[in-house]
Amino acid sequence: MKCIKIYSILSNFENETTTIEAIAEYDEKENVINYTEEDLKVKIKIGKDKVLIDRKNEDYCLSLEFIPNEKVECKYEVKSIGLNLDIDVITKVLEIEKNRIYINYEIFNDNKSIGTFEYKLIIKEW
C-alpha cells in the first residue's frame, strides 16, 4: 500500500457538485483505492474496462459498478430504516487513464430515472 493524493468530483443533473480532496491508500497489486470522506469509507476498484465504487458508513451502503454501455444491477442499502433498493446503473462514458477516471452514468429505480451523474477522480501524487 502506498499513499496518494486524490481529488474526487461528483456532479448531479442539477449541477450540484461535491469536491473532496483526500489522502488515499493505493493497493497496486489489487488496483484498489481506499479513502475516507468525512464519516464515509470509499473503496474504488479499477479494472481494465470497469470500475466498482463502494461507499459505506453507519447509515448506508451504496455499491455501484460501471461497465460502458451496459445496464448493471447495483445495491443501495439504507441501514437506519432497513431499506434495500435494487438500482440499475447505465454507464454512458467510462474513461480509465493513469491519473484520471471519468464516469458519466444514469441511475434508475423501477425503470424511472433518478438522475444523471458525472464522477471524476484525479490522482495528483503517486
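I started with K50, which forms a salt bridge with E65, the closest N and O atoms being 3.3 Å apart. I counted a salt bridge as a side-chain nitrogen of Lys or Arg within 4 Å of a carboxyl oxygen of Asp or Glu. K50 sits in the loop between strand 4 (40-46) and strand 5 (51-56) and E65 in strand 6, so this pair ties together parts 15 residues apart in sequence. Strands here are DSSP runs (E, at least two residues), numbered from the N terminus.

The model is predicted: local features need pLDDT of at least 70, side-chain atom pairs count only at pLDDT 80 or more, and totals for chains, interfaces and linings use all residues. Residues are numbered from 1 along each chain as its sequence is written, and side-chain values use heavy atoms, with hydrogens and water left out.

Next I checked accessibility. Buried means under 20% relative accessible area, exposed over 50%, partly exposed in between (1.4 Å probe, protein chains only). E65 is buried at 19%. K50 is partly exposed at 33%.

I looked up other salt bridges. The structure holds eight. E73 pairs with K75, the closest N and O atoms being 3.9 Å apart. E73 is exposed at 54%, and K75 is partly exposed at 47%. A network of salt bridges links E73, K75 and D86. R100 bridges to E97, with the closest N and O atoms 3.6 Å apart. R100 is partly exposed at 28%; E97 is partly exposed at 45%.

Then I turned to the aromatic rings. I found four aromatic pairs. Rings of Phe, Tyr and Trp (its six-membered ring) pair if their centres lie within 6.5 Å; planes under 30 degrees apart count as stacked, over 60 as edge-to-face and the rest as tilted. F13 and F117 are edge-to-face: 6.3 Å centre to centre, 85° between the planes. F13 lies in the loop between strand 1 (2-11) and strand 2 (17-27) and F117 in strand 10 (residues 112-125), so the pair ties together parts 104 residues apart in sequence. F13 is partly exposed at 46%. F117 is buried at 14%. Y60 and Y76 are also edge-to-face, at 5.8 Å centre to centre and 70° between the planes. F13, F66, Y105 and F117 form one aromatic cluster.

Last, I checked the core. A nonpolar core is a set of buried Ala, Val, Leu, Ile, Met, Phe, Trp, Tyr and Cys residues joined through side-chain atoms within 4.5 Å. The largest has 31 residues, of which I33, Y35, I44, I103 and Y105 touch the most other members.

Key
Helix = DSSP H or I, 4+ residues; strand = E, 2+ residues; numbered from the N terminus.
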